[in-house]
Every structure is written in structure tokens, then in C-alpha cells.
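Please keep the sequence and the model in view while reading.

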Amino acid sequence: MRLMALAFGLLVWCGPVLASTAVHPDYRVRPKVFTDDDGLPPSGVSALVQARDGYLWVGTFGGLARFDGRTFRTYRDRHVPGSLHVDGEPETGPSSDRIVALHEDDEGRLWIGTEDAGLSVLEHGEFRHLPFCDGLCQINDILQGPDRGIWVASSEGVFKLDPVSGQVVWSGRSSPAGYTRLASDGLGRIHVAGYESFHVVAGQQLRPIRLPGGNRGVRLLEGNGDGLLVGTERELYRYDPVRQQWQPLGVEEPALAARDAEGLWWVSQLSGKVVREDGMGGWAHVPELSGMGIISLAWDDEGDLWAGSGSKGLLRTRKPLFGLFSTSQLGTNMAGRAIIGDGNGGLWFGSACGGVHHWSHDGGVQALPLRKAQVGECVTSLLLDHEGVLWVGTGEGGWRG
């Protein structure tokens, strides 16, 4: 390699960089909190779903609310005296104000599970109460299967509803604790979870699946590509239903999970802590959401994470546009003075007497050894020319490679 010092303080770099280490910029989510001051019913937010028309439906223990990005419109139990529309006109609503589960099917119908009054559906602007299990059971989860049937996990058992004919077929009514979660695997098979059981639907029967590590029940169940994300009372797993293999993921006592637009999972734990996949096989703590009493999670089509709290309202988090490289990542705590793209999805950083660093598109950070040219590291400007050569301006002499 050929080095040359330039008296006017300009450095040219065309050689390799050193001290590579794979890191990613730190960032912190910044939750916005919506409460009854914003029009949200003043109670716990227990269920969330974004409809295809863009509206966010929010299930609470004080009614069903629809959020248009600015205001909340609340639909209450039609049997509650004085239940009014926002303009003062009488309004109908679901069969109970205590909403537990929400699901929108492929026809745009909103299915509403309640804690104490069974199942309701919002179709063509009208609410209908469906009198299954005498209209009194708790509906814990709702899922549309590959055959377009609506599967329901309830305190009374599991059933499939034909949304057109209204016909109901029960698949399991034997668990004294009822069933709580539903998910479909890559082959379209319906899996059913309960606090004391885990099953796959086979015909009209529930076939038990043995859980690993002496676990008895499942708290969390989500589709995960061809497999499933399963949270037992002790640990989080990826489950391959074809090979019947369990992969522990190192998250204790998982409660809820939602997957972001990058395919990474965010998980709340019974301890109140929230963690997210870091993209490198590990988990990162999300302190801004931890301790908030999260009881529901959902992502919208704009990449926002919505978290319902039992006592602190509805939280919306957005990944900030700007991340932060820490001192330990860059090896300097000097102020940034110059930044330029490298033409390959990465960036060059020049700092005030902290030298030059390169961040590649895959997250690697590398330091440029300016001191080998016996010049200072007080960078003032950067330029990448049409041949891909980096020119570095400093407050002192420079060199060229």
C-alpha cells in the first residue's frame, strides 16, 4: 500500500479498513399513550386488530372502540341504558362491553369475543349476537381457517362456525379449564392451546401434543411460517409440527407475542418485561414497554406496534428514524462532524478527533487507521469520488493510500 501526506489536510483512502465488529445502532421506541382523555374507554385494553380499511379496533373492558388515527368512536353493549352514538343518536354494539378477542375475516366481518356474553359479529355496519353456548361463555380467541371457517376457543370448548350458513361443529368440550389460543401451521392444521393442554385438530377431534420439559399448558400460541411459536408456562419455543421438534428460545414465562414487518418477534413476559428479537439470534430488552402491564399486542400496516395495557391505556410505539451508535460500538465519544454514503448501503463517519469509521449494510463497524500516516484524527469533511475513493479532510496534514 502506498501512503502520501498532503500538506493542506486532505486524506485519500482506497485500501481496506480494520478492526471489524458486527454491531447495530441502538434505538429506543418512544410510546405515545392514549387514555380516556383521548376518548378511549377508561378500562383495560384487552384486544387489538387493524381492519383492512385501516381503522384500528380496540377491545376494552368498557366497550369496543374504533380509532381513525385521530379520534376514538366507542360502541357499547346495546342493553346498557343511555348508550349513545357520538352525535347523540342511539347506537348498537356487541353483546357485552367486556371484549376479550377480535378477528377480521377475509370478507371484512369483525368477530368479537366477549368475557361474559359469547360471540358477536359486525357485518355491513350491523352488530349481531350469535347465541352459541347459550350466549354466556367466554370467547378467548378467534381464527379463520384455510377453509374460511371461523374457529373459536372458548371456556366451553372449541368450535368451528360456517360464517355463511351459521352451522356450528364442536371439536372439543372436555377441558375443565377451557381453551385459550388458536393458530394455524404451514399445512393449514389448526392447533388449540389451553392452560392445561395443547392439541391439534384431527377431523372433529382434538389430538393431544406432548409438551417439552414437563410443561403442562400453553399461554402463547402464534403461527410462525411453517411452524408455530409456542409459549408454555415456563419458556418460549419454536415448534415444528411436521418433525414434532421443539427449539427453546431462551425467553422465560412468555405471555404475548407479535411479529413486526421484518419478521422479528416482540414478546411480553409474565414478569412485565418486554423483549424483541435482535436479528442476531438473541433478544433485546425494551424498557419503554416493560412494567406497563401489557395485555394485548398488535402491529399495524405502517409498522407501528400497539400495546394494550391493563391500567395505563393504549400505547403506540414507532421505531425512530435515527439510531445511536454508542461509544463502545464506535470506539470514540467524539462529536460527529461528517457523514457520507459508501455506495453499497453503508456509511462513512468522520468525528471530531475520533477518526473515521465505516458502517456496512450488514451492521459491521470498522475503523480507518489515520494515525499510521502520522496525522491527527480531527476529521472535518468526507468525499467519495466517482471511482469509489474516499477523500478525508482533517484539521492537520493527511495521507493518501
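How many of the six residues of strand 8 (residues 99–104) are buried? Six of the six are buried, where buried means under 20% relative accessible area with a 1.4 Å probe, protein chains only. Strands here are DSSP runs (E, at least two residues), numbered from the N terminus.

The model is predicted, so local features need pLDDT of at least 70 and side-chain atom pairs count only at pLDDT 80 or more, while totals for chains, interfaces and linings use all residues. Residues are numbered from 1 along each chain as its sequence is written, and side-chain values use heavy atoms, leaving out hydrogens and water.

**Strands 8 and 9**
- Strand 8 pairs with strand 9 (residues 110–114) in the antiparallel sense over five bridges; pairing requires at least two DSSP bridges.
- The two strands form a hairpin with five residues between them, and Gly 108 in the turn has a positive phi of about 85°.
- Trp 111 in strand 9 lies opposite His 103.

**Contacts of Leu 161**
- Leu 161 touches residues including Trp 111, Leu 119, Leu 130 and Phe 132, not counting those up to four places away in sequence; a contact means heavy atoms within 4.5 Å.

- Four strands form an open sheet in the order 20-21-22-23, with antiparallel pairing.
- Strand 20 (218–224) and strand 23 (245–252) are at the edges with a single partner strand each, so one side of each has no neighbour in the sheet.
- Strand 20 is joined to strand 21 (residues 227–232) by six bridges.
- Asn 224 stands opposite Gly 227 in strand 21.

How values were computed
Buried < 20%, exposed > 50% of the residue type's maximum accessible area, 1.4 Å probe, protein only.
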